Amino acid sequence: MWKLLGKAMGALGGRHYPKVLFTVIAMMAAAVALTCTNAELALTAKGKLQPVQRGTVFAGESGVIIDVPVEHGQTVESGSVLLQMRNTDLDVEITSLLGKRTTTHEQIVSVQRALLDNPRLDAEQQNRLSGELLQFKEVAANIERQLALMRQKEQRLVVRAAHAGQVVTWHVRDNLLHRPVQKGQALMAIVDPDGDWELEIYVPERKAGHLLEAQRASDQNLLVEFMLSSHPGLPLTGRVIEVDQTAVTREGFGNTIRIRVAVDKEQIPELRNDASVNARIQCGQKSLGYVWFHDLIDSVWGQLVYWF
């Protein structure tokens with residue numbers, strides 16, 4: 001190395017020797033500093049602020065929504081009606097079963113009257129009428145079972161709140177009224193703003209290894225520093241409480257790992273559902289050079305592993 005340096009300085013001329021020596025020493029000092037000095041590796045991520053208690057309301061049956069008595073921001077109690085649907089096919093089926101039940105009941109009454117009003121019937125006639133009566137009663141019981149199932153479906157056309165909370169879906173009435181929906185389709189979201197709050201942040205999958213390694217190495221939950229987009233000058237903190245083990249493609253975030261972060265809602269100036277946040281997850285001490293250039297290093301290392 002000294003021979004190469006000497007040749008380089010010779011090529012540049014002796015008069016440049018101090019400058020070259022100073023440059024080399026500065027580069028070596030920088031390399032040592034970047035390698036031997038440690039700093040905190042922080043992974044940046046974006047996400048949102050949400051109440052812990054939140055839920056999505058789904059359609060219990062298929063139908064057309066005919067009434068939405070709630071609106072965005074409205075507080076509802078457990079069991080409150082959120083919307084009502086109508087299923088024409090179900091109405092027709094119930095009407096048909098009611099007609100069959102009436103007819104069967106009339107047949108049962110007719111056979112019972114024939115047995116009671118004709119005491120001189122011979123054994124064969126009595127057996128025949130008794131058999132018909134038993135058959136009609138079985139038909140009636142089957143109709144009642146079908147009606148019970150249809151009534152359950154009819155009750156599910158009225159969607160009620162599973163728990164108390166606040167409706168947070170925008171323009172819920174305009175978006176849902178007179179709209180046909182399928183069973184299991186998401187309709188609206190309800191949250192409990194008076195309970196605990198948390199962050200839901202999304203770390204790119206390519207950075208998840210640092211997060212999982214730091215989590216295994218730490219004896220406590222990882223520290224998260226974050227700021228609300230609406231309050232960019234106010235630093236806040238929280239702790240990681242859950243890390244998903246599977247990456248999911250999310251609109252606006254790409255292929256990411258979801259992380260739940262517990263926060264103290266008393267320190268947050270504005271509790272607003274789905275408020276955007278920018279977060280930094282503290283992942284332990286690494287060399288300063290790696291902290292500054294870990295994206296580039298990981299990318300280059302990935303390419304080397306791929307080719308070799």
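A crossing of two helices is left-handed if the near helix is turned anticlockwise from the far one by less than a right angle, and right-handed if clockwise. That's how α3 passes α4 here: in a left-handed crossing. You're looking at a predicted model, where local features need pLDDT of at least 70, side-chain atom pairs count only at pLDDT 80 or more, and totals for chains, interfaces and linings use all residues. Residues are numbered from 1 along each chain as its sequence is written, and side-chain values use heavy atoms, with hydrogens and water left out.

**The helix pair**
- Helix α3 covers residues 88-117 and helix α4 covers residues 123-156; helices (H or I, at least four residues) and strands (E, at least two) are DSSP runs, numbered from the N terminus.
- The two pack at an angle of about 155 degrees, with their axes 9 Å apart (axes are lines fitted to C-alpha atoms, for helices over the stretch in contact, and angles run from 0 to 180 degrees between N-to-C directions).
- That makes α3 roughly antiparallel to α4 (angles over 145 degrees count as roughly antiparallel).

**The sheet with β3 and β5**
- Four strands line up as β6-β5-β3-β8 in an open sheet with antiparallel pairing (two strands pair if DSSP finds at least two bridges between them).
- At the edges sit β6 (158-160) and β8 (180-181), each pairing on one side only.
- Strand β3 (residues 63-67) is joined to strand β5 (residues 81-86) by three bridges, and D67 has Q84 in β5 as its bridge partner.

**The sheet with β7 and β9**
- Another open sheet of four strands runs β2-β9-β7-β4, again with antiparallel pairing.
- β2 (54-58) and β4 (75-76) each have a single partner strand, so one side of each is left without a neighbour in the sheet.
- Two bridges link β7 with strand β9 (residues 186-191), and Q166 stands opposite V191 in β9.

**A look at T169**
- T169 sits in the loop between β7 (165-167) and α5 (172-176).
- Its side chain reaches the backbone nitrogen of A189 at 2.8 Å.
- Leaving aside neighbours within four places in sequence, T169 is in contact (heavy atoms within 4.5 Å) with H72, M188 and A189.

Technical notes:
Angles under 35 degrees count as roughly parallel, over 145 as roughly antiparallel, 65 to 115 as roughly perpendicular and the rest as oblique. A polar contact is a pair of N or O atoms within 3.5 Å; within protein, one must be able to donate a hydrogen and the other to accept it, and residues adjacent in sequence count only if both atoms are side-chain atoms.
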